[in-house]
Amino acid sequence: MRRTPRRFVLPDLVSHCPYLRRSNSDGVPVARASESWLLSEANFAPERQTAFLGLRAGELTAACYPDADADHLQVASDFMNFLFTLDDWSDEFNAEDTHGLAGCVMRALGDPLGFETDKAAGKLAKSFFARYLRTAGPKCTRRFIDTMYLFFRAVAQQAQDRARGDISSLEEYIALRWDTSGCKPCFALIEYAAGIDLPDEVISHPMIRALEEATNSFVTWSNDIFSYNVEQARRDSHNMIAVIMYRHGLSLQDAVNFVGDLCRASIDRFEQDRRLVPSWGPKIDRDVAVYVEGLQNWIVGSLHWSFESTRYFGQEGASIKKHRVVKLLPTHDGHLRSAHGTRSHCRRWPRLVRLLSNSRRAFSSMQPPCRPSSLPLS
């Protein structure tokens with residue numbers, strides 16, 4: 001009789017991450033102000049409000065943008081709280097509702113002063129983006145809007161998959177998850193927070209794309225590890241661990257170990273690729289260095305924050321960070337979820353690695369110069 005696993009061991013990502021974590025000196029007051037800002041419009045029930053306050057998105061923002069001044073940090077923190085709230089709302093919506101949410105937010109981003117709405121999502125978007133536009137450069141503004149479109153297109157596809165009960169192939173999942181992660185607009189915020197506006201030819205350079213891919217991959221795949229327990233409890237399969245177990249037959253621990261190896265490899269690629277960044281002249285090189293350090297801050301900041309937020313480990317984050325053992329939660333119907341994988345299939349790892357290598361090469365092709373007004377979400 002097969003035994004259902006009751007726990008798994010996290011990979012030791014903290015020891016592998018070589019970067020110093022810093023935090024913005026204005027982080028705490030800005031974080032509390034940002035929480036109040038979002039709660040003023042979002043009509044949360046008491047339980048949802050408690051979970052939101054345990055999120056500590058402002059602390060994540062302070063670690064990812066440690067050198068921003070208070071005004072820019074406030075906009076970034078407001079967006080971070082808004083992004084997590086969008087993620088939670090979209091998890092509860094069907095595809096039609098997700099399209100409505102996306103349309104409201106994208107219209108607010110297109111015209112934050114003129115767009116009128118009584119929807120909380122639209123009002124929050126108008127508020128933070130009107131302040132963003134006061135100092136943001138035109139190129140990073142366009143990148144922010146375009147990547148928000150990619151985010152909404154991906155979460156709409158996720159909602160359709162969820163409604164049909166589909167579990168993506170690994171290749172499909174990777175392409176989708178790089179956008180549902182929300183990392184790409186957060187990378188545009190690196191430019192905004194630093195007061196820089198990189199030329200398009202710099203951002204589109206293969207080495208800059210490679211650094212963005214490595215950062216997105218680390219943040220996203222590590223998040224899949226950290227969030228797996230709460231997601232399996234609600235039977236949410238939009239997670240690389242669930243996809244690998246279902247599609248490739250790995251056991252839970254083998255799948256966790258595999259994704260952990262991907263996270264370590266992402267840091268290794270980041271270190272290799274940053275040495276290959278070309279020169280565009282002294283001024284642009286200084287701005288590029290700021291941008292690359294901003295990507296680095298996202299790697300280390302998101303890693304440590306994941307144990308400090310209550311979103312993934314409740315009140316046990318500090319303890320789990322130390323011993324790395326995660327006890328599986330029962331599913332919401334009261335039963336431990338049976339793992340899709342039943343045996344160790346380490347011989348399948350080389351094929352998985354080849355799939356991921358092909359996906360990384362396609363990363364830059366997944367950045368279309370799209371405009372929300374001209375492309376459908378479906």
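Helix axes are lines fitted to C-alpha atoms over the stretch in contact, and the angle between two axes runs from 0 to 180 degrees between their N-to-C directions. The views below show a predicted model.

**Figure 1. Packing of helix 6 against helix 7 in the predicted model.** Helix 6 spans residues 95-110 and helix 7 spans residues 120-132; their axes lie 8 Å apart and form an angle of about 25°. Because angles under 35 degrees count as roughly parallel, the two helices are described as roughly parallel to each other. The crossing of helix 6 past helix 7 is right-handed. Helix 6 contributes Leu 101, Cys 104, Val 105, Ala 108 and Leu 109 to the contact, and helix 7 contributes Ala 121, Gly 122, Ala 125, Lys 126, Phe 128 and Phe 129. Sorted by class, these comprise nine nonpolar, one polar and one charged residues.

**Figure 2. Packing of helix 2 against helix 5.** The axes of helix 2 (residues 27-39) and helix 5 (residues 70-92) are 9 Å apart, at an angle of about 45°. The pair is therefore oblique, and helix 2 passes helix 5 in a right-handed crossing. On the side of helix 2, the contact involves Gly 27, Val 30, Ala 31, Ala 33, Ser 34, Glu 35, Trp 37 and Leu 38. On the side of helix 5, the partners are Ala 70, Leu 73, Gln 74, Ser 77, Asp 78, Asn 81, Phe 82 and Thr 85. Eight nonpolar, six polar and two charged residues make up this contact.

**Figure 3. The largest nonpolar core, viewed around Trp 298.** This core has 108 residues, and those with the most contacts inside it are Tyr 65, Phe 82, Phe 128, Phe 144, Phe 152 and Trp 298. Phe 82 also belongs to the contact of helix 2 with helix 5, and Phe 128 to that of helix 6 with helix 7. With neighbours within four places in sequence left aside, Trp 298 is in contact with Leu 60, Cys 64, Tyr 65, Met 80, Cys 186, Phe 187, Ile 190, Thr 215 and Val 219. For the protein as a whole, 56% of the 378 residues are buried.

Figure 4. Residues up to four places away in sequence not being counted, Gly 301 touches Leu 60 and Ala 63. The C-alpha atom of Gly 301 is separated by 9.5 Å from that of Val 219, a residue 82 positions away along the chain.

**Figure 5. Glu 59 in helix 4.** Glu 59 lies in the helix formed by residues 57-64. Its relative accessibility is 12%, so Glu 59 counts as buried. Apart from neighbours within four places in sequence, Glu 59 is in contact with Ala 31, Arg 32 and Trp 305.

Figure 6. Most residues other than glycine have a negative phi. Arg 324 is placed in the loop between helix 17 (317-323) and strand 2 (325-327), and at 28% relative accessibility Arg 324 counts as partly exposed.

Terms used: Residues are numbered from 1 along each chain as its sequence is written. This is a predicted model: local features need pLDDT of at least 70, side-chain atom pairs count only at pLDDT 80 or more; totals for chains, interfaces and linings use all residues. Side-chain values use heavy atoms; hydrogens and water are left out. Helices (H or I, at least four residues) and strands (E, at least two) are DSSP runs, numbered from the N terminus. Angles under 35 degrees count as roughly parallel, over 145 as roughly antiparallel, 65 to 115 as roughly perpendicular and the rest as oblique. A crossing is left-handed if the near helix is turned anticlockwise from the far one by less than a right angle, and right-handed if clockwise. Contact means heavy atoms within 4.5 Å. Ala, Val, Leu, Ile, Met, Phe, Trp, Tyr, Cys and Pro count as nonpolar, Asp, Glu, Lys and Arg as charged, and the others, Gly among them, as polar. A nonpolar core is a set of buried Ala, Val, Leu, Ile, Met, Phe, Trp, Tyr and Cys residues joined through side-chain atoms within 4.5 Å. Buried means under 20% relative accessible area, exposed over 50%, partly exposed in between (1.4 Å probe, protein chains only).
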